[in-house]
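Subject: Structure handed over, with notes

Dear colleague,

Here is the structure we spoke about, with the sequence alongside. My notes follow below it, and I would be glad if you read them with the model open.

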Amino acid sequence: MLGWIYVATMNNVSSVVKVCYSDEDPVSILSEWAEHAGIPGSANLEYAALVDCPRRVEAKVYEDLKAFNTKNDWFQVCLLYTSDAADEGLGVDLGGRRII
């Protein structure tokens with residue numbers, strides 16, 4: 001099953017990223033945040049990739065980043081690259097970027 005793995009940030013919070021998967025286009029999801037979630041600030045889509053088995057990719061990324069988890073799908077890390085899980089563990093090319 002194809003789906004999206006994406007990384008988002010909030011413009012008013014530094015060093016925190018949201019890592020998620022979705023069956024829907026992440027751009028529309030971020031628009032919904034702004035309209036319905038009442039989240040302060042605005043969300044920025046930092047990276048998105050259409051991948052096979054997005055839940056599996058997300059689970060591996062979460063495992064790799066568990067030491068940085070703040071709550072649910074938010075992680076306190078610098079946005080430099082995506083996780084090793086996506087690039088190497090699952091063989092998904094996310095542009096060579098990783099979250100560290």
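A disulfide is taken here as a pair of cysteine sulfur atoms within 2.5 Å, and by this rule the count comes to 0 disulfides. Please keep in mind that this is a predicted model, in which local features need pLDDT of at least 70 and side-chain atom pairs count only at pLDDT 80 or more, while totals for chains, interfaces and linings use all residues. Residues are numbered from 1 along each chain as its sequence is written, and side-chain values use heavy atoms, with hydrogens and water left out.

Cys 53 lies in the loop between β3 and α2, and its phi is near 55°, a positive value in a residue other than glycine.

Overall fold

The protein chain holds 3 helices and 5 strands, which run β-β-α-β-α-β-β-α from the N terminus on. These elements are DSSP runs numbered from the N terminus, with helices being H or I of at least four residues and strands being E of at least two. Of the 100 residues in the protein chain, 37% are buried.

The 5 strands form an open sheet in the order β3-β1-β2-β5-β4, with antiparallel pairing, and its edge strands are β3 (43-52) and β4, each of which pairs on one side only. Two strands are said to pair if DSSP finds at least two bridges between them. Strand β1 (residues 2-10) pairs with β2 in the antiparallel sense over 6 bridges, and within this pairing Ile 5 stands opposite Tyr 21 in β2. The hairpin of β1 and β2 has 6 residues between the strands, and Ser 15 there takes a positive phi near 65°. Strand β2 (residues 17-22) also pairs with β5, again in the antiparallel sense, over 2 bridges, and the bridge partner of Val 17 in β5 is Phe 75. Because 5 of the 6 residues of β2 are buried, this strand is largely enclosed by the rest of the structure.

In helix α2 (residues 54-64), the buried residues include Pro 54, Val 57, Glu 58 and Val 61. They cover an arc of only 95° around the axis, which puts them on the same side of α2; the arc is that of the directions from the helix axis to the C-beta atoms. On the other side of α2, Arg 55 and Arg 56 are exposed.

The structure holds 1 aromatic pair. It is formed by Tyr 62 and Phe 75, and it is tilted, with 5.2 Å centre to centre and 50° between the planes. The pair links distant parts of the chain, since Tyr 62 is in helix α2 and Phe 75 in strand β5, 13 residues apart. Phe 75 is buried, with a relative accessible area of 1%, while Tyr 62, at 22% relative accessibility, counts as partly exposed.

The loop between β4 and β5

Asp 73 is found in the loop between β4 (69-71) and β5 (74-75), and with a relative accessible area of 14% Asp 73 is buried. The side chain of Asp 73 makes a polar contact with the side chain of Lys 18 at 2.8 Å. A polar contact is a pair of N or O atoms within 3.5 Å; within protein, one must be able to donate a hydrogen and the other to accept it, and residues adjacent in sequence count only if both atoms are side-chain atoms. Leaving aside residues up to four places away in sequence, Asp 73 touches Val 17, Lys 18, Val 19, Cys 20 and Tyr 62. Asn 72 is placed in the loop between β4 and β5; Asn 72 is exposed, with a relative accessible area of 60%, and has a positive phi of about 50° although it is not a glycine.

With kind regards

Note on methods: Buried < 20%, exposed > 50% of the residue type's maximum accessible area, 1.4 Å probe, protein only. Contact = heavy atoms within 4.5 Å. Phe/Tyr/Trp six-rings, centres within 6.5 Å; stacked < 30°, edge-to-face > 60°.
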